[in-house]
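Hi,

Here is the structure you asked about. My notes follow below it.

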Amino acid sequence: MEDVSSGKLKKLRDFINMKFGIYIDDDKLLSMYKKKFSKLMEQFDYKDFSSFHRDIVFNKNSELVKELISTVTVNETYFFREKHQFDTLINYVLPELDRIRPSSESINILSAPCSTGEEVYSIAIYLLEEGNLIKKRNFLLLGIDIDSEAIRKAREGLYPERSLIKLPENIIKKYFRKEGNLYRISDFLRRSVNFRVVNVLDKYAMKRLGKFDVIFSRNLLIYFDERNRREALSIYYSILKDGGYLFLGHAERVPDDFTLFEKIKLGESYIYRKAEVKDG
Ligand SMILES: C[S@@+](CC[C@H](N)C(=O)[O-])C[C@H]1O[C@@H](n2cnc3c(N)ncnc32)[C@H](O)[C@@H]1O
C-alpha cells in the first residue's frame, strides 16, 4: 500500500467537509483517518490513493461512498436521550401547535439526523404515552440520515440493550420484544414512522421532504464547521413552517448573529422558534 502524503489526505478531507459537512481536523486525519482510509482502500481493492479519491469524488462506486460515509460518521444514540427535550415537546410545543394549527393539518416532525432511529421512536412513544394529542389529529414522524446503514437499522428496529439503558422497565415491556440478546421494537411503532437516506446539506432533497412543524437536529452540528453549521440552519429555517420549533443537542446552539431563530426556554429546555419576518 502506498504511503499517502498529508496533502492528498487533506484533499479528501476537504471533499468530505464540502459534501457531507463533517470536518476532520489535521490531528485526527493523520492519527485516525489515515488508517481508516487505507483499510477502505484495501477492502475495495484500490492500489493507489488517486483512483480511490477520484472514484469517491465522481461517485463511481456507490458502495465505496456508502462505506466512506459510515467510516466518517458517529452514530452514537439511545432512546430518551436528553429526555427533558421530549418532555418539552409533549408538554409545551405540541399542545401549542395543536392550538394554532387547523385540526385538518397533520403536525410534521423531522429528526435530522436520526442515526439508527431511537430519537424518532422516542417521540412516537412519548405521543402514545400522552395519548390525547394523537386522538385529535395526525402526526407525521420522519427520520433522515446520510448513513444508509444507520437507516437500514432504523427500519429494522432491532436494538442492543445499551440503546435502551434510559428506558423505564414498563416502556420496554410495552413497546419491545426480546429476540436473543436484542430488543425488537413493536411492529405498530415501526409502521407509524418513516426513514429516508438524506444529506441535510442537500437543500433540494431537504425541500422535497416538505414542511415541518418541529425539527430535532441533535448532535450533528458539532461535527460540522461554522460554514456548514450556518448552511444547515438556513435549510432548517426554509423547511420549517411559520412558528415552527428547532431542538438542538446540548453542545449546540444557533449563533447570536443568526436572527432567523429566537431562543426560548420551555419547561427544562432551551429551544429555538422560527422568527417572524418583520415588515419594512
Ligand atoms: C451522533 S448521531 C445523532 C443521532 C441523534 N440525533 C441523537 O442525538 O442521538 C449523528 C448522525 O449524524 C449523521 N450525519 C452526519 N452528517 C450528516 C449529514 N450531512 N446529513 C445527514 N446526516 C448526517 C451521522 O450519520 C450520524 O448518524
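Which residue in β5 stands opposite tyrosine 159? Tyrosine 183 does.

Some ground rules. This is a predicted model, where local features need pLDDT of at least 70, side-chain atom pairs count only at pLDDT 80 or more, and totals for chains, interfaces and linings use all residues. Residues are numbered from 1 along each chain as its sequence is written, and side-chain values use heavy atoms, without hydrogens or water.

**Sheet.** Three strands (DSSP E runs of at least two residues) make an open, antiparallel sheet in the order β3-β5-β4. Strands count as paired if DSSP finds at least two bridges between them. β3 (158-159) and β4 (176-179) are the edge strands, each pairing on one side only. β3 and β5 (residues 182-185) pair over two bridges.

**Largest pocket.** A pocket is an open set of points on a 1 Å grid over the protein atoms alone, where a 1.4 Å probe fits, with protein on both sides within 12 Å along at least five of seven lines; lining residues have an atom within 4 Å of a point. The largest has a volume (space filled by probe spheres set on the points) of about 440 Å³. It has 18 lining residues; Lys19, Phe20, Ile69, Ile146 and Asn199 are the closest to its centre. Domain 1 (6-72) and domain 2 (83-274) each give at least three lining residues; the bounds come from an automatic or database assignment.

**Second largest pocket.** This one holds about 310 Å³. Of its 16 lining residues, Asn75, Thr116, Glu118, Lys153 and Arg162 are the closest to its centre. Helix α8 (148-156; helices are DSSP H or I runs of at least four residues) and β3 each give two or more.

Best wishes
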